[in-house]
Amino acid sequence: MNSRRDLRTNRAALFDGIEEGGIRASSSYSHEIDEQDNERGMDGLQDRVNLLKRLSGDIHEEVETHNRMLDRMGNDMDSSRGVLSGTMDRFKMVFETKSSRRMFTLVASFVVIFLIVYYLTR
């Protein structure tokens, strides 16, 4: 007998909101709860979209900054290439004249400049 009562109670709990012919007025309450859940979900999605938008904007700014830096580095490399080609032309001229005193002065000055640059960058 006790098991029949438990079965009836479980059955009543299972079908509590349903009557013959449809759902009771509690369905409007569950609809409001669903709407609130949807609103919270949309708010969460909106927050995520805003975060992704800010993040993509930050990435864009970072890329622009790196592009400008790379352009400056390219310009600096071009100017240093010009300086090095001028130096190589001077080396060629010194080696062609075969002047030992001039060559010694040029090599010594090159070594001194290299050491100065080395210590300044260190």
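A pocket here is an open set of grid points where a 1.4 Å probe fits, with protein on both sides within 12 Å along at least five of seven lines. Its volume is the space filled by probe spheres set on the points. The model is predicted. In this model, the largest pocket has a volume of about 160 Å³.

**Pocket lining**
- Thr87, Phe91, Leu106, Ser109, Phe110, Ile113, Phe114 and Val117 line the largest pocket.
- Two elements each give two or more residues to this lining: helix H2 (26-97) and helix H3 (100-121).
- H3 gives the most, with six residues.
- By class, the lining of the largest pocket holds six nonpolar residues, two polar and no charged.

**Annotated segment**
- The unreviewed UniProt entry carries the annotation "transmembrane region" for residues 103-121.
- In the model, residues 103-121 are 100% helix and 0% strand.
- The end C-alpha atoms of that stretch lie 27 Å apart.

**Fold**
- The protein chain has three helices and two strands.
- Read from the N terminus, the elements run α-β-β-α-α.

**Burial and surface**
- How much of the protein chain is made up of buried residues? Buried residues account for 2% of the 122 residues; the cut-off for buried is under 20% relative accessible area.
- The accessible surface of the protein chain is about 11700 Å².
- Carbon and sulfur atoms hold 60% of that surface.

Key: Residues are numbered from 1 along each chain as its sequence is written. This is a predicted model: local features need pLDDT of at least 70, side-chain atom pairs count only at pLDDT 80 or more; totals for chains, interfaces and linings use all residues. Side-chain values use heavy atoms; hydrogens and water are left out. On a 1 Å grid over the protein atoms alone, a cavity is a set of points where a 1.4 Å probe fits but cannot get out, and a pocket is an open set with protein on both sides within 12 Å along at least five of seven lines; lining residues have an atom within 4 Å of a point. Helices (H or I, at least four residues) and strands (E, at least two) are DSSP runs, numbered from the N terminus. Ala, Val, Leu, Ile, Met, Phe, Trp, Tyr, Cys and Pro count as nonpolar, Asp, Glu, Lys and Arg as charged, and the others, Gly among them, as polar. UniProt positions are given in the numbering used here, feature names are shortened, and annotations may be inferred rather than shown by experiment. Buried means under 20% relative accessible area, exposed over 50%, partly exposed in between (1.4 Å probe, protein chains only). Accessible areas come from the Shrake-Rupley method with a 1.4 Å probe; for residues, only the protein chains shown count as cover.
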